[in-house]
Amino acid sequence: MRRVLHPALAAALTACSLALALAPAQAVPRPAGPSGPGIRTEQREVFAPDGAIRTVRVPRPAQAAPDARSRATAAAAVVEPVEVNGPSGSKVDLVFVGDGYTSAQLDTYRSHVRSKVAELFAVEPFKSYRTMFNIWQVNVVSRESGVDDDPTPGVRRDTALDMNYYCGGTARLLCVNEAKAAQYAAQAPQADQVVALANSSTYGGAGGTAATAAGGNAQAGQIVVHELGHSLGGLADEYDSPGRYQGSEPPEPNVSVYPQATMAAYRLKWYRWLGQPTPDGGTVGTYEGAKYAAQGIYRPSQNSIMRTLGREYNAPGREAMIAAFYRKAGVAAVSTEGRVGGRVLQVVPQRPDGSRLSVTWQVDGRPYAHEGERLDVSSIPAALLAGAGPHRVTATVSDPTPWVRDPALRAALRHTFAWQVAPGER
Ligand SMILES: [Zn+2]
């Protein structure tokens, strides 16, 4: 679903003065190889224990094709359901893989996964929309306990996913062999996001195709919350670095080159939220500094999770996340869409906490005041039917949450299911 480099960082890569300032070239190890000075690098996010985020450049690892032995190992891994709320096609699937857990340490792995899950679902909108997720853990077994370069560089351990601290020379940057992580994660149903946990209590993590976090560190799960903002919500980073933003209006919903007056006048980006309270504190406005530049670009709130770990999403960010959940999972499942499934038509809506989905029925284009998620076609009043048939019955399911305002996003929170009912069926 994602490249190694998420779009926000890829965009920043074109203006690489920032990254060079953060990571002097001499600090980056240069692996020997025929490519020599043309070595490819990529940006990674580094997270500090106080929540501050910055980016560094690290060498792009050579991802050799997995050998037969590692394929055999991957095939043997057990997939354990942590929390299953429905079929994967109608849920967002989070898949954990672990590194540096021996076969005797699977209980430790289990408890690390559960603590990260608890941390993620303490944050809105994950908290209210928890039942839209399935969570799986792949029990990846390593020969040795712990990961490389922990607690100090040079410590080596033989582990399944080759995770290491000091990635690219940065202490808290926790990297993983993405190919191996993906190989294990592929054993769980439809991974929408992979999270690789290291068997360590040393604070650390990274973004990427697989987000990484220290399994035994109580704050490291915040990294997962932030990374899901990118991978699911398409949100930009809201932290900044010295310098002026030089690009045009970015595509992400939570950053803009337009200050408040312009945004309001031309109805741009998060204009619907301007002046409203935001879950991360204060009111929504245009705060200068975002997307790796201190000037010339704005964020919606003072300090959201896309700027500092441990915070809430701001209102526009939360809105984007909820829409993303529905785009992946849908508003409802039906077993009989488009045809008659016996004589009872049924929708099975998502069930977020505190935001019951509405179901409205129509028959031949006319509203039918029928309560509920099941409709027995024989109960439809004859007065509603237009002509001899066949008749068209629809059920529109929608989430009325006030947390999503943008009509373009609200479209993801609503769907109309339709059935044809033949004259003889009622
Ligand atoms: Zn980020």
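**Exercise 1.** Determine in which sense S7 and S8 pair, and over how many bridges.

*Solution.* In this predicted model, local features need pLDDT of at least 70, side-chain atom pairs count only at pLDDT 80 or more, and totals for chains, interfaces and linings use all residues. Residues are numbered from 1 along each chain as its sequence is written, and side-chain values use heavy atoms, with hydrogens and water left out. Strands (E, at least two residues) and helices (H or I, at least four) are DSSP runs numbered from the N terminus, and two strands pair if DSSP finds at least two bridges between them. S7 and S8 pair in the antiparallel sense over two bridges, and the partner of Ala 206 is Thr 212 in S8.

**Exercise 2.** Identify the donors of the zinc ion, and explain which parts of the chain Glu 45 and His 230 tie together.

*Solution.* Donors are N, O and S atoms within 2.8 Å of the metal (3.2 Å for Na, K and Ca); water is not among the atoms, so sites may look incomplete. Because Glu 45 lies in strand S1 (residues 41-47) and His 230 in helix H6 (residues 221-231), the pair ties together parts 185 residues apart in sequence.
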